[in-house]
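Load the model in your viewer and keep the selection panel open. Each stop below gives a selection and says what is there.

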Amino acid sequence: MAMKRRTKLIVISLVAAAGVAAQPMILGSQVDRCEPTFTDVFAMQGILWVANGASSPGIDWINLEAEESGTSDGAEPDVPEWLVLPTMAESSLERRVGTSALGWPVRWSFCQWVATDTEHFFPPIAENEEPCQSLCRAVRDWGHSADGATVQTWLSVKGMLVCWLTIITPMAIAVLAKGQSEGKSGNAP
């Protein structure tokens, strides 16, 4: 007996949800395809930052290290909207922020490490960083810190929904189109 269209759509919805849930494992296995994406110095929120970035399929890494107070030349740097800078005291010995974002086709899972003293080795000092090694470590250490740096993780429900819709839409269209073509050929559903 063939499955009803409603049952097929429910199964497809569950498969799409499993696809979104499996993204961290699937994308995390691709970190060996990492490439450095940028090295830059820019002023943001009145602070001069040294920045490095790296990317592998579905995962991005941005490491920022505060150097000193700086002046912005008007335009803010072109950083992704998911990059959130935490508030750190200017008196901190170090001010380093490493943020990783994961998801396809949009980033929906985030983890950020904040180092405020010299006892924290991750995120690394930006001038000495090899961004792809940092991205690999960020994936490996997602959600925790080996040396006590502050770690925060968060999810974007909107981003998860976009990923889910991206996975479910082609499958649902195929099921609905097949159901319509079967109805036109005279076959009973």
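**Stop 1: the disulfide**

Select Cys 34 and Cys 132: the torsion about their S-S bond is about -85°, so the disulfide is left-handed. The pair links distant parts of the chain, 98 residues apart, with Cys 34 in the loop between H1 and strand E1 (35-44) and Cys 132 in helix H2 (residues 131-140). Their sulfur atoms lie 2.3 Å apart. A disulfide here is a pair of cysteine sulfur atoms within 2.5 Å, and by this rule the count comes to 1. In general, a disulfide is a covalent bond between the sulfur atoms of two cysteines.

Before going on, note that this is a predicted model: local features need pLDDT of at least 70, side-chain atom pairs count only at pLDDT 80 or more, and totals for chains, interfaces and linings use all residues. Residues are numbered from 1 along each chain as its sequence is written, and side-chain values use heavy atoms, with hydrogens and water left out.

Now colour by accessibility. Buried means under 20% relative accessible area, exposed over 50%, and partly exposed in between (1.4 Å probe, protein chains only). Cys 34 counts as buried at 14% relative accessibility. Cys 132 is buried too, with a relative accessible area of 19%. Cys 111 is buried at 0%, and Cys 163 is buried at 0%.

**Stop 2: the whole chain**

Zoom out and switch to cartoon. The protein has 3 helices and 6 strands. These are DSSP runs numbered from the N terminus: helices are H or I with at least four residues, strands are E with at least two. Along the sequence, the pattern reads α-β-β-β-β-β-α-β-α. Of the 189 residues in the protein, 38% are buried.

**Stop 3: salt bridges**

How many salt bridges does the count come to? The count comes to 4, where a salt bridge is a side-chain nitrogen of Lys or Arg within 4 Å of a carboxyl oxygen of Asp or Glu.

Select Asp 60 and Arg 107. They form a salt bridge, the closest N and O atoms being 2.9 Å apart. Asp 60 lies in strand E3 (residues 59-69) and Arg 107 in the loop between strand E4 (96-102) and strand E5 (109-115), so the pair ties together parts that are 47 residues apart in sequence. Asp 60 is buried, at 17% relative accessible area.

Next, select Arg 137, Arg 140 and Asp 141. A network of salt bridges links them. From Arg 137 to Asp 141, the N to O distance is 3.0 Å. From Arg 140 to Asp 141, the N to O distance is 3.2 Å.

**Stop 4**

Helix H3 (residues 157-184) gives the largest share of the lining, 3 residues.

**Stop 4: two cis peptide bonds**

Select Trp 104 and Pro 105. The peptide bond between them is cis, with omega near 5°. Pro 105 sits in the loop between E4 and E5. Then select Phe 122 and Pro 123. This bond is also cis, with omega near 5°, and Pro 123 lies in the loop between E5 and H2. As background, most peptide bonds are trans.

**Stop 5: a loop glutamate**

Select Glu 119, in the loop between E5 and H2. Glu 119 counts as exposed at 56% relative accessibility.
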